[in-house]
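Dear colleague,

Please find the structure below. My notes on what was found in it follow directly after.

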Amino acid sequence: ALAEEIFDAGADVITLGNHTYGNRQICDYLDEQPYLLRPLNYPSQQPGQGYVVVDCGRKRVCVANLQGRVGMDYIPSDPFAAADWLLKNVEADLFLVDFHAEATSEKQAMGWHLNGRAAAIWGTHTHVPTADIRVLPGGTGYVTDIGMTGGVDSVIGVRWEQSLNMFRGQLTERFKPSDKNCRVQGAVFEIDEQGKCVNAYRVDVS
């Protein structure tokens, strides 16, 4: 239901991450909805797919979802090898990659790995926007983390009181999302006719 709301609002593609299968009722929908992506480097027998090619008229755009391995509870296959497979086997005019990962070092390494080959790569998962948005020398837009959409008066989206209690060793109920000071965070990458990023900037609006 949430995915349908986001699509109805105008999204072309939705990418997921390490909580993809947190609610198993989504499995059938993942197989039915090609524009809702789970990480490409998950086992191939699992529901859903990790990339989709969108025909935008003048360009065919491949959007892909990858998951990192450093500090993550679930260990998928090598995301760098998955990225290489994607670029070698999928026909598209340009590639956009959401790298869902914990470690800033792994995200930066992926940025350099795709430099000059992908039009843009952005990091997700940590919920906190980073200040390093840039265009890499090969013409790839990059940012380590685009942040989140939700209540920023929180601890990575969770009501801060609950998170504080947890860190202090107190019993707490199931985490609830904060609705305080809600903002939309993200990034905009401007891509030229040659599929190179020419400008990149952060989005952070209430």
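D145 and K107 form a salt bridge, with the closest N and O atoms 2.8 Å apart; the term stands for a side-chain nitrogen of Lys or Arg within 4 Å of a carboxyl oxygen of Asp or Glu. This pair links distant parts of the chain, as D145 lies in the loop between β8 and β9 and K107 in helix α4, 38 residues apart. Helices (H or I, at least four residues) and strands (E, at least two) are DSSP runs, numbered from the N terminus. D145 and K107 are both buried, where buried means under 20% relative accessible area, exposed over 50%, and partly exposed in between (1.4 Å probe, protein chains only).

Please note that this is a predicted model, in which local features need pLDDT of at least 70 and side-chain atom pairs count only at pLDDT 80 or more, while totals for chains, interfaces and linings use all residues. Residues are numbered from 1 along each chain as its sequence is written, and side-chain values use heavy atoms, with hydrogens and water left out.

The search of the whole structure gives 7 salt bridges. Another of them joins the side chains of D204 and R183, at 2.6 Å from N to O. Because D204 belongs to strand β11 (residues 197-205) and R183 to strand β10, this bridge ties together parts that are 21 residues apart in sequence. D204 is partly exposed, its relative accessible area being 30%, and R183 is partly exposed as well, at 22%.

Residues up to four places away in sequence being left out, F95 touches C62, L86, L87, V90, R117, A118, A119 and A120; contact means heavy atoms within 4.5 Å.

There are 3 aromatic pairs in the structure. One of them is the stacked pair of W122 and F189, 6.2 Å centre to centre with 25° between the planes. Since W122 lies in strand β6 (residues 120-124) and F189 in strand β10 (residues 182-191), the pair ties together parts 67 residues apart in sequence. For this count, rings of Phe, Tyr and Trp (its six-membered ring) pair if their centres lie within 6.5 Å; planes under 30 degrees apart count as stacked, over 60 as edge-to-face and the rest as tilted. W122 is buried at 15% relative accessibility, and F189 is buried at 18%.

Several loop residues also deserve mention. In the loop between β6 and β7 (134-135) lies H125, a residue other than glycine with a positive phi near 110°. H125 counts as buried, at 17% relative accessibility. H127 is found in the loop between β6 and β7 too; its phi is also positive, near 70°, and H127 is partly exposed at 31%.

M148, in the loop between β8 (141-143) and β9, is buried at 13% relative accessibility. Its C-alpha lies 8.5 Å from that of T126, 22 residues away in sequence. Beyond the residues up to four places away, M148 touches H127, S154, I156, G157, R183, V184 and Q185.

E91, in the loop between α3 and β5, is exposed, with 66% relative accessibility. Its C-alpha is 8.1 Å from that of C62, 29 residues apart along the chain. Leaving aside neighbours within four places in sequence, E91 is in contact with V53 and R60.

Finally, the surface carries a nonpolar patch formed by V128, V155, I156, W160, L164, M166, F167 and F175, with about 760 Å² of accessible area together. Patches consist of residues with over 30% relative accessible area and no salt bridge, like charges being joined within 9 Å and nonpolar side chains (Val, Leu, Ile, Met, Phe, Trp, Tyr) within 5 Å. Accessible areas come from the Shrake-Rupley method with a 1.4 Å probe; for residues, only the protein chains shown count as cover. V155 sits in the loop between β9 (150-151) and α5 (160-167) and is partly exposed, at 32% relative accessibility.

With kind regards
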